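Please read them with the coordinates open.

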Amino acid sequence: MSTRAAQARAHALDTGWRAVAAGPLVALVTLLAAVVVGEHLGLSVRDPDHVAAGYVGMVGAGVVLLVGVDIWIRAAARTGLRRPPLAVMRAVRRERWTRARAGVAASSLVSFYVSYMAYRNLKAAVPLLRPEALFDLDLARADRWLFAGHDPATLLHSLLGTGLQTQVLSTVYVAFIVFLPLSLAAALVFSRELSTTLFVATALSINWILGAASYLLLPSLGPIYAEPSLFAHLPHSEVTHLQHVLMDQRVTYLRDPTSGTPQSIAAFASLHVAMSFTALLAAYLLALPRWLKRSLWVWMALTTLATIYLGWHYVVDDAAGIAIGGGAVVLAAALTGFELRPGRRGSRSRS
């Protein structure tokens, strides 16, 4: 075995059981919560339309492709050649992508989407667990108090306009479906250390169960459903279509929860913002390149604007999302043993 391979193997073994077990533990707890809630309501936990399973397959394939990119980048850096010899690429693969690391990546990926599947079931159950509770009026009042009696969405419409801006922010909002799996895949593949991979994947997973808890704490629909007249003047966009589809699904599900697609409308808190903030914090903790941190700031700002402008969330929902994203990072550090120091790339957990 080469010196590099021996070092890689030693580091993989030195990651610690806490970090390895954290992601599956979060998935298990989230799944058990969904099972308990399902038993209470007489419903089974399911993956409607095989969405979670489909993501595992799709993101898994993406991870495999990115592994090839990772190997090429490292081999090119080692040789100084854009087309490194196959022998060098094979050596990099053996050194970096040991069975231990590949197993950790696979376990983290599956755990994340098991958590997501359970989260969908928990989110769907909120109107069944609290059928009479809706806090939209209270959340809207809080927003207007923060903005001196003005509605923040109306202010944004006046400030930004309602033409092309609507399409741009709609695209940003919908692009979250790409941002999230891309963030997970990048963490699984490009992290220098195994402890970093496990920390980021666990932090992202924790957002699911914290988000489900926030929906149960303050059930709400969001401004677009509570006060649709505030958004009637916006031009049609992909988000407009999505909002109609989600309401149709909610109505169908509440009519027959056993067969309908689980409803997914909930305003408090915003997991778009929560997940984005988790990624942003991770970028600082891992001392990632400045251009990436700036990009994540831009993404965070545009996502936050989009949630308010398009009526998905109240401002207080986004503030709660920031709290959830930060809380997920702290909890992930506690579970994995990762040191919460800016620029510190490691774990205090040892075998």
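1. Salt bridges, count and basis. There are five salt bridges, a salt bridge being a side-chain nitrogen of Lys or Arg within 4 Å of a carboxyl oxygen of Asp or Glu. The model is predicted: local features need pLDDT of at least 70, side-chain atom pairs count only at pLDDT 80 or more, and totals for chains, interfaces and linings use all residues. Residues are numbered from 1 along each chain as its sequence is written, and side-chain values use heavy atoms, with hydrogens and water left out.

2. The network at D70. D70, R74 and R96 are linked in a network of salt bridges. D70 meets R74 at 2.9 Å, N to O, and the closest N and O atoms of R96 and D70 are 2.6 Å apart. R96 lies in helix α4 (residues 86-96) and D70 in helix α3, so this pair ties together parts that are 26 residues apart in sequence. Helices here are DSSP runs (H or I, at least four residues), numbered from the N terminus. D70 and R74, by contrast, both belong to α3 and are four residues apart, about one helical turn. An α-helix has 3.6 residues a turn, so residues three or four places apart point the same way.

3. The cut-offs are under 20% relative accessible area for buried, over 50% for exposed, and partly exposed in between, with a 1.4 Å probe and protein chains only.

4. A further salt bridge. R144 and D151 meet through their side chains at 3.4 Å, N to O. R144 counts as partly exposed, with 24% relative accessibility, and D151 as buried, with 15%.

5. Aromatic pairs. The whole structure holds 13 aromatic pairs. For this count, rings of Phe, Tyr and Trp (its six-membered ring) pair if their centres lie within 6.5 Å; planes under 30 degrees apart are stacked, over 60 edge-to-face, and the rest tilted. F112 and Y113 make an edge-to-face pair, 4.9 Å centre to centre with 90° between the planes, and both residues are buried. The ring centres of Y119 and Y215 are 6.1 Å apart and the planes are at 50°, so this pair is tilted. Y119 is in helix α5 (residues 99-129) and Y215 in helix α10 (residues 194-217), so the pair ties together parts 96 residues apart in sequence. Y119 and Y215 are both buried.

6. The aromatic cluster. Where do these pairs belong? Y55, F112, Y113, Y116, Y119, W208 and Y215 form one aromatic cluster.

7. Charges over rings. R101 lies over the face of W97, at 5.1 Å from the ring centre. The criterion is NZ of Lys or CZ of Arg within 6 Å of the ring centre and within 35 degrees of the ring normal.

8. Most residues other than glycine have a negative phi, and most peptide bonds are trans. The peptide bond from F268 to A269 is cis, with omega near 5°; A269 is in the loop between α12 (238-255) and α13 (271-285). H50, not a glycine, has a positive phi of about 55°; H50 sits in the loop between α2 (17-41) and α3 (51-79) and is exposed, at 61% relative accessible area. A287 also has a positive phi of about 55° without being a glycine. A287 is in the loop between α13 and α14 (290-309) and is partly exposed, at 32%.

9. A nonpolar surface patch. L25, L28, V29, L32 and L335 form a nonpolar patch on the surface, with about 400 Å² of accessible area together. Patch residues have over 30% relative accessible area and no salt bridge, with nonpolar side chains (Val, Leu, Ile, Met, Phe, Trp, Tyr) joined within 5 Å and like charges within 9 Å; areas come from the Shrake-Rupley method with a 1.4 Å probe, and for residues only the protein chains shown count as cover. Helix α2 gives the largest share, four residues. L32 lies in α2 and is partly exposed at 47%.

10. Helix α9. The 15 residues of α9 (residues 176-190) should span 21 Å at 1.5 Å a residue, and the end C-alpha atoms are 20 Å apart, which agrees. The expected span is 1.5 Å times one less than the number of residues. Among the buried residues of α9 are F176, F179, L180 and P181.

Terms used. Helix = DSSP H or I, 4+ residues; strand = E, 2+ residues; numbered from the N terminus.
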